[in-house]
Amino acid sequence: MAKATAHPDRRVISSEDVQGTDVYGVGDEAIGQIDHLLIDKVSGRIAYAVMSFGGFLGLGHSHHPIPWSALKYDTGLGGYRTGITQSQLNDAPEFSDDSWQDRDWETRTHEHYGAPIYWADRRREAA
C-alpha cells in the first residue's frame, strides 16, 4: 500500500505517490485505494479520484469515480479521508465511458456525494 507521504514536507505530490494511497471512511477504517486521477484538461485541476474497492488479489474489485473535493488528506493517517458510505457507492449514478462527456452525469455525481463541482471556479474566472 502506497502512502501519500513520499515528500511529507512539501505541499505538492506526484500523482505516482497518490496512486495506491489508502482512503479512510468513518472510524479510520481503510475502505479502498486511489487507482488513478482524472484531471480537467483546461483548468489543470483534479476532477476525480477513481477509487478501487473490495476484491482479493486484484479480482472482484470495483472502481468508482469520486469527486476530488470529497476527499481530504489526513496527515495522521497518511491517506485520504472521506465521508462517503458504502450505500452511497452502491447508489451512485451509473458510470460508463461516455459519462466523461456528460455534464449532467457529473452534476448528478457531485450532488449524490454532496461535493462541490470542480468547474464552478472556472465560470467565475471567465466572468
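The model is predicted: local features need pLDDT of at least 70 and side-chain atom pairs pLDDT 80 or more, while totals for chains, interfaces and linings use all residues. Residues are numbered from 1 along each chain as its sequence is written, and side-chain values use heavy atoms, without hydrogens and water.

I searched the whole structure for aromatic pairs and found 6 (rings of Phe, Tyr and Trp, the last by its six-membered ring, with centres within 6.5 Å; planes under 30 degrees apart are stacked, over 60 edge-to-face, the rest tilted). Tyr48 and Trp105 form a tilted pair, because their ring centres are 5.9 Å apart and their planes stand at 45°. I noted that this pair links distant parts of the chain, 57 residues apart: Tyr48 is in strand S3 (residues 46-53) and Trp105 in helix H3 (residues 103-113) (DSSP runs, H or I of at least four residues for helices and E of at least two for strands, numbered from the N terminus).

I then checked Tyr48, which is buried at 1% relative accessible area. With Tyr118, the ring of Tyr48 makes an edge-to-face pair, because the planes are at 75°, with centres 5.9 Å apart. Tyr118 lies in the loop between H3 and helix H4 (120-126), so its pair with Tyr48 in strand S3 ties together parts 70 residues apart in sequence. Tyr118 is also buried, at 14% relative accessibility.

Which residues do the ring pairs link into a cluster? I recorded Tyr48, Phe95, Trp105, Tyr118 and Trp119. Lastly, I found Arg103 over the face of Trp119, 4.1 Å from the ring centre (NZ of Lys or CZ of Arg must be within 6 Å of the ring centre and within 35 degrees of the ring normal).

Conventions: Buried < 20%, exposed > 50% of the residue type's maximum accessible area, 1.4 Å probe, protein only.
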